[in-house]
Amino acid sequence: MWTSLHTKVHKTLQNSLILPPKKRILVAVSGGQDSLCLLKIIMDLRIKWDWEVSIAHCDHGWPSDTGISDHVKKISEEWNIDFYLKRTQILKITESIAREWRYKVLLEVARENNFTAIVTGHTLSDLAETVLYNLIRGAGSHGLSVLTNTRPLTNSINLVRPLLNTSRTETLFFCRQLNLPVWEDEVNTNFDYARNRIRKQLVPYLKLNFNPQVEKTLYQASKVLKAESDYLEKEAGKILKLASNKKKTQLNKKILQTIPLALQRRVIRMFLQHNKLQAPNFEQVEEGVKLINSPHGSQTSSFSVQVVLEVYDDYIVKK
Ligand SMILES: Nc1ncnc2c1ncn2[C@@H]1O[C@H](COP(=O)(O)OP(=O)(O)OP(=O)(O)O)[C@@H](O)[C@H]1O
């Protein structure tokens, strides 16, 4: 059965070329509606595109996950698709560790078996939720433009998200229309997780009271911010090179004083990251900006145990 969603994904792939023809592709299937919808569409398109398709499933060993891996394996057998299973050895795995582990093992499977793309079922709804989640936590434009439809993981393997312009309402409709065996994950109804509260409470509230198209507008905003953020990041990189010494332990204040605040913040963030402060927060970056405009004479600012900056005349120096 051919649906309007098949046509939409096919067109998206034709326009973006994120999944070129004749490739070996690994579909990451959790068993939920999004990845199952994705798998079905990829399987139906594979002849047209001449792909070799396999499935990878990651078993987190959570009690709530019992049975999912067997369910996905059964689908692979019934649909006649090669199946790769990874099980974690880590006990008490948290959501964010689980995500990191998943990407690590998916990449291992792709490397060992010559796949050139790992394909996930991230949707427009996931993107909107991520934008809202990061906004609430105080992200700047970089943090608001996180999900893109493709991203290189290595020189030869890309992460690809063909459903990023498709909402979860559409994937649900598709799964019902085609009667796909969707696994209902109990974890998705647990309101202890911020992500679930955003999905089940905040987004419906925004849709009902503000904008029924809020997922789409957040997607558009994120695309615009991504381009702006990439541009500013590139410019900031050039200025950092120009204003710092070779080891990047010293910054020339005079150069930084001539650039706009938006770039000063980025240069300071890059400088701190280079000097081992992993994720500088807003206050730390602002402290650095203050140093740029501080009067001559010695002034010290401590950003963390590892990073202390001092101002000597025209230079900000890492101690
Ligand atoms: N256990 C799993 N096994 C295989 N693939 C998975 C698994 N869980 C998630 N995925 C893949 O990741 C996609 C997104 O899933 P989900 O939204 O649950 O992940 P997430 O933790 O939000 O991921 P991300 O951090 O990448 O946004 C799924 O559509 C699927 O392709």
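User: Which elements make a right-handed β-α-β unit?

Analyst: First, two remarks on the source. This is a predicted model, in which local features need pLDDT of at least 70 and side-chain atom pairs count only at pLDDT 80 or more, while totals for chains, interfaces and linings use all residues. Residues are numbered from 1 along each chain as its sequence is written. Helices (H or I, at least four residues) and strands (E, at least two) are DSSP runs, numbered from the N terminus. A crossover is right-handed if, with the strands pointing away from the viewer, the path from the first strand over the helix to the second runs clockwise. Here the unit consists of strand 1, helix 2 and strand 2. A right-handed β-α-β crossover also leads from strand 2 through helix 3 (residues 68-78) to strand 3.

User: How many bridges join strand 1 to strand 2, and how many join strand 2 to strand 3?

Analyst: Two strands pair if DSSP finds at least two bridges between them. Strands 1 and 2 run parallel and are joined by five bridges; valine 27 stands opposite isoleucine 55 in strand 2. Strand 2 and strand 3 (residues 82-87) also run parallel, with six bridges, and serine 54 stands opposite aspartate 82 in strand 3.

User: Which residues come nearest to the ligand?

Analyst: A residue is near a molecule if its C-beta atom, placed from the backbone, lies within 6 Å of it. Of the 14 residues around the ligand, the nearest are Ala28, Ser30, Cys58, Thr120 and Gly121. Helix 2 (33-49), strand 2 (52-59) and helix 4 (95-112) each give two or more residues to this shell. Strand 2 gives the most, with three residues. By type, the shell holds four nonpolar, six polar and four charged residues. In this scheme Ala, Val, Leu, Ile, Met, Phe, Trp, Tyr, Cys and Pro are nonpolar, Asp, Glu, Lys and Arg are charged, and the others, Gly among them, are polar.

User: Where does UniProt place the feature "binding site"?

Analyst: UniProt positions are given in the numbering used here, feature names are shortened, and annotations may be inferred rather than shown by experiment. The unreviewed UniProt entry places this feature at Ser30, Gly31, Gly32, Gln33, Asp34 and Ser35. Glycine 32 is in the loop between strand 1 (24-28) and helix 2, whereas aspartate 34 is found in helix 2.

User: Is aspartate 34 buried or exposed?

Analyst: A residue is buried if 20 or more other C-beta atoms lie within 10 Å of its own, exposed if 12 or fewer, and partly exposed in between, with C-beta atoms placed from the backbone. Aspartate 34 is buried because it has 24 C-beta neighbours inside 10 Å. Glycine 32 has 18 other C-beta atoms within 10 Å and is therefore partly exposed.

User: What is aspartate 34 in contact with, leaving aside its neighbours within four places in sequence?

Analyst: Two residues are in contact if their C-beta atoms, placed from the backbone, lie within 7 Å. With those neighbours left aside, the contacts of aspartate 34 are Gly121, Thr123, Leu163, Arg168 and Thr171.

User: How many helices and strands has the protein?

Analyst: The protein has 11 helices and 10 strands. Of its 319 residues, 29% are buried.
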